[in-house]
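This briefing is meant to be read alongside the sequence and the 3D structure. Please keep both in view.

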Amino acid sequence: MAMALVSPEGRAMLGKGVSLGAGLVAGPRTDASELPSSLDWFDASHPSPNAMSEAAGRRALALAEGSRSRGVLVGLLSGGASSMLSVPAAGLLLADKVLTARALMNAGAPIADLNCVRKHLSSIKGGRLAASARRTLTLAISDVHGPIADDPAVIGSGPTVADPTTYSDALAIVRRAGVMESLPAAVVAHLERGGDESPKAGDPRLVRSTYEVIGNRQIAMEGAARAARSRGYTVSIIEAPTAGEAREAGAAFATRALGDPGGQPLCVIASGETTVHVRGAGRGGRNQEFALGALHVLDALQPKDGTVAVASAGTDGIDGPTDAAGAIVDVTTSARARERGLRPAAALASNGAYDFFAPLGDLIMWGPTGTNVGDLHVMLVHP
């Protein structure tokens, strides 16, 4: 993701004559040789912020304040912004935010709930970045699929748009998730105390804030469909976003996909983002649990049913706390696992999908992609 201060000539959606004043890129370090010298690279992390995430957030706020007298603050939110721009609210530490987000993620909180809490522990999210600027233009790639698809207030925790949620909402989410007792005392006190709310709709500080979604899960599914058709597959796309507990969603996807008419090579595509309620000490992550959840559906097939495979992967190339993007299962997975003494049920019970798939060579390992539109699920059926 990136933030930049551009000259007044760049106001017309970055048209001709744009002049880059200063800016930053926040994300895992890659080859920065092609970056303009006016851009600083912050090696920020995702899904948990690090010290560089906070440094990037403070630099973004400084750019916003600088734009009051000159230019436009332009932001590209390309995935992971909630973690990679992270400035704790007054009285809180970055570690407080990390522990809180981790507790909510482990409890299976959906992204809208997680980001509501993040916004109320922050000095930059929930419209606060735009409130510090004179004018902002945000181009966003969306990994938000519900309850409102591509909701700007949820994407990256909405640093440049009005926030409809409140401290009371955040406190209710924490209580509903059952994590109150595990949160730092400073976080609980901050949420209970409330204070200055995030900017709401109609706030005059946001009047000159422009926002456009330029990428989402539909675009990813369309790309997958084109690739499948070019290889001779009939394609079926499930339009509704995948959600809920990963293992259950995986089984439901496999069951529905196998219900499509057969007779020719078929590719069924879906997308969304599931959650994982952490029960064990395994390494996860949600796409690997999704694939493992689909396995027992494939195991019920008979040899006459042909060849079937299911793959699930995060479009950012990072599946939870692992270095895998996801995993693949097919009609041979369980037999190969038994040969190695691996048990799918035990792996699910411990959230140990990573250690189940790694010895089989069935992890999807393509590395960080630099963007995120959620998770992609694909089933291939050869009659």
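This is a predicted model: local features need pLDDT of at least 70, side-chain atom pairs count only at pLDDT 80 or more; totals for chains, interfaces and linings use all residues.

Residues are numbered from 1 along each chain as its sequence is written, and side-chain values use heavy atoms, with hydrogens and water left out. Helices (H or I, at least four residues) and strands (E, at least two) are DSSP runs numbered from the N terminus.

**Helices**

- Helix α10 (residues 286-299) has 14 residues and spans 21 Å from first to last C-alpha, close to the 20 Å expected at 1.5 Å a residue; the expected span is 1.5 Å times one less than the number of residues.
- Twelve of the 14 residues of α10 are buried (under 20% relative accessible area, with exposed over 50% and partly exposed in between; 1.4 Å probe, protein chains only).
- Among the buried residues of α10 are F290, L292, L295, V297 and L298.
- The axes of α4 (residues 111-119) and α6 (residues 167-177) come within 9 Å and cross at roughly 125 degrees. α4 is therefore oblique to α6.
- Axes are lines fitted to C-alpha atoms, for helices over the stretch in contact, with angles from 0 to 180 degrees between N-to-C directions. Angles under 35 degrees count as roughly parallel, over 145 as roughly antiparallel, 65 to 115 as roughly perpendicular and the rest as oblique.
- D113, C116 and V117 of α4 meet D169, A170, I173, V174 and R176 of α6 in contact (heavy atoms within 4.5 Å).

**Buried residues**

- M221 sits in helix α8 (residues 217-230) and is buried, at 2% relative accessible area.
- Beyond its neighbours within four places in sequence, M221 contacts I237, I238, E239, I269, A270, S271 and L376.
- S86, in the loop between α2 (81-84) and α3 (94-106), is buried at 1% relative accessibility.
- Outside four places in sequence, the contacts of S86 are P49, S53, E54, G57, L94, K97 and K125.

**Backbone geometry**

- Most residues other than glycine have a negative phi, and most peptide bonds are trans.
- The H46 to P47 bond is cis, with omega about 10 degrees, and the G146 to P147 bond is cis, with omega near 0 degrees.
- D150 has a positive phi of about 55 degrees, and S157 has one near 65 degrees.
- S157 lies in the loop between β5 and α6 and is buried, at 0% relative accessible area.
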